Amino acid sequence: MKSYLNLVNGEWKGTSQTITIKEPATGKELGTVPAMEEKEIEEVMQSARQAQKEWQALAVVERAQILHQAAQLLKKEAVEIGTLLSKEIAKSRAASIQEVERTADLIAYTAEEGCRMEGQILEGGSFSKKDQNKIAFVHKEAMGVVLAIAPFNYPVNLAASKIAPALIGGNTVVFKTPTQGAISGLQLARIFHEAGVPAGVLNTVTGRGSVIGDALVTHPEVDAINFTGSTEIGTHIAELAGMKPCIMELGGKDAALVLEDADLENAAKEIVAGAFQYSGQRCTAIKRVFVTEKNADALVAAIQKEMETLSVGLPEENADITPLIDRFVADHIEFLIEDALLKGAVAKTKYQRERNLIWPMLLDQVTVDMDLAWEEPFGPVLPILRVKDVEEMIRLANASEYGLQSAIFTNNYPLAMEIGKALKVGTVHMNHRTQRGADHFPFLGIKNSGLGVQGIKYSIDAMMRMKSFVFER
Ligand SMILES: NC(=O)C1=CN([C@@H]2O[C@H](COP(=O)(O)OP(=O)(O)OC[C@H]3O[C@@H](n4cnc5c(N)ncnc54)[C@H](OP(=O)(O)O)[C@@H]3O)[C@@H](O)[C@H]2O)C=CC1
Ligand SMILES: O=C(O)[C@H](O)COP(=O)(O)O
């Protein structure tokens, strides 16, 4: 079994304790990663701090060249890294390779966008006559050391979407990999290292978040935190972080609102793809559907039909539905389904489970007293809520603690815009499934779905602070 090591100050290092990473689909051992302890974090933080000044002193175009090199190397190794990723998190092999290729594109675009970062010049006289001799030059500078924490479901992409903007902005990075996903995360770090990222500029930390997370977040050398993961852990981190700037991408309960004039065939297609891609383990998955009685039966039938095209199996078979990340997630989903059925929901597909593999499940007649109407399952179960009218759709959509995205299905665009304005979410998709891309679009969650804005240009901005130089003429 292969032992993977951490990148610390430009060298690959192990620790006395290790964690064995197993494949969720088969239980086979994939490799070990170091289980870092609090005392080992010190060296990581000091190396990131020491490397920062010199990294920031490079011209942006020099940092961009290294990022471009990383993007090229990653693309070259997309199949190998994607195959490993597929085994580690049980994502279909094709989708895993796509994740790596998408990441290479994201890194290259970040390098280009970084070269277009601009300062600003402000005239004092625009505010008052007495200030008219003043002029401010507003410059952007690095935050310093950024702690990047990624979740299991995109261990390469959601790591790079933090690392690349931080690096191009002149920050150094301490990257805490998700434990399930650590091997893939370390492959990304290797690529940056091979591309020429200097020693100390990117460092990795593997080990359970529950053991070392608090020590990382509260470490005095950390200047900013960029986190993607559950609302529970994100809230905990934000509480501990105090005044450190935080970017948070958290949970979601994205709704599809199917209006009475919608093209039901298209809606069903988009809803099924949106709900079941990577077995529903996406923050942006469609996690509830609102429809009025007029269309409900037809929509449910169309969704059922579309779901028949979903294959269930192993990641290497490129199945649509693959085993979930662990059996605890599967247990939670089973609980949500049982609770809904007990309270009167109608199963439109047969419930089937083998260990952590759950067959795609459609539940009709879900009502607001069921946990499934509100909780994020992070798995292949889709609830249909029948409502009276559009007003009730908006009210229920907004009653969620989450506010990531929504999808509206209608051909009435003026009405869709009105509904979209009333929805408390970061993004509204028109006649399309909810999703994060294109990766340079702004991506944000409100309420318990997050803090700050991601998306390439916005992510770079979030990794920099302004400093003004004021001149008196
Ligand atoms: N809005 C968005 O863009 C996205 C949101 N998500 C959300 O993420 C969740 C699923 O991902 P999952 O990985 O299970 O999320 P978790 O919140 O369990 O873990 C996310 C990361 O945080 C680490 N961590 C755990 N505890 C701490 C701590 N105390 N301090 C610092 N870091 C810690 C984890 O490490 P370890 O693995 O070692 O526990 C992991 O690297 C879902 O709720 C989903 O909606 C996912 C992707 C995108
Ligand atoms: O983790 C997630 O769920 C992602 O941020 C969503 O990305 P996607 O919409 O491209 O799958």
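Ligand 1 sits in the largest pocket of this structure, which is a predicted model. The points below take up the surroundings of the ligand by topic.

**Elements of the shell**
- Two or more residues of the shell around ligand 1 are given by each of the elements α7 (209-217), β10 (224-228) and α8 (231-241).
- Among the contributors to this shell, α7 supplies the largest share, which amounts to four residues.

**Residues of the shell**
- There are 30 residues around ligand 1, and those that come nearest are Ala 150, Thr 179, Ser 230, Leu 250 and Glu 376.
- By residue type, the shell around ligand 1 is made up of 13 nonpolar residues, 12 polar residues and five charged residues.

- Leu 250, one of the nearest residues, has a backbone N or O atom that lies 2.5 Å from a nitrogen atom of ligand 1.
- In the side chain of Glu 249, an N or O atom is 2.9 Å from an oxygen atom of ligand 1.
- For Phe 152, the atom concerned is a backbone N or O atom, and it lies 3.1 Å from an oxygen atom of ligand 1.

**Cover by the protein**
- On its own, ligand 1 has 900 Å² of accessible area, and the protein covers 86% of that area.

Key:
Residues are numbered from 1 along each chain as its sequence is written. Chains are lettered from A and ligands numbered from 1 in the order in which they are written. This is a predicted model: local features need pLDDT of at least 70, side-chain atom pairs count only at pLDDT 80 or more; totals for chains, interfaces and linings use all residues. Side-chain values use heavy atoms; hydrogens and water are left out. A residue is near a molecule or strand if one of its heavy atoms lies within 4 Å of it. A polar contact is a pair of N or O atoms within 3.5 Å; within protein, one must be able to donate a hydrogen and the other to accept it, and residues adjacent in sequence count only if both atoms are side-chain atoms. Accessible areas come from the Shrake-Rupley method with a 1.4 Å probe; for residues, only the protein chains shown count as cover. On a 1 Å grid over the protein atoms alone, a cavity is a set of points where a 1.4 Å probe fits but cannot get out, and a pocket is an open set with protein on both sides within 12 Å along at least five of seven lines; lining residues have an atom within 4 Å of a point. A molecule sits in a cavity or pocket if more than half of its atoms lie within 2 Å of its grid points. Ala, Val, Leu, Ile, Met, Phe, Trp, Tyr, Cys and Pro count as nonpolar, Asp, Glu, Lys and Arg as charged, and the others, Gly among them, as polar.
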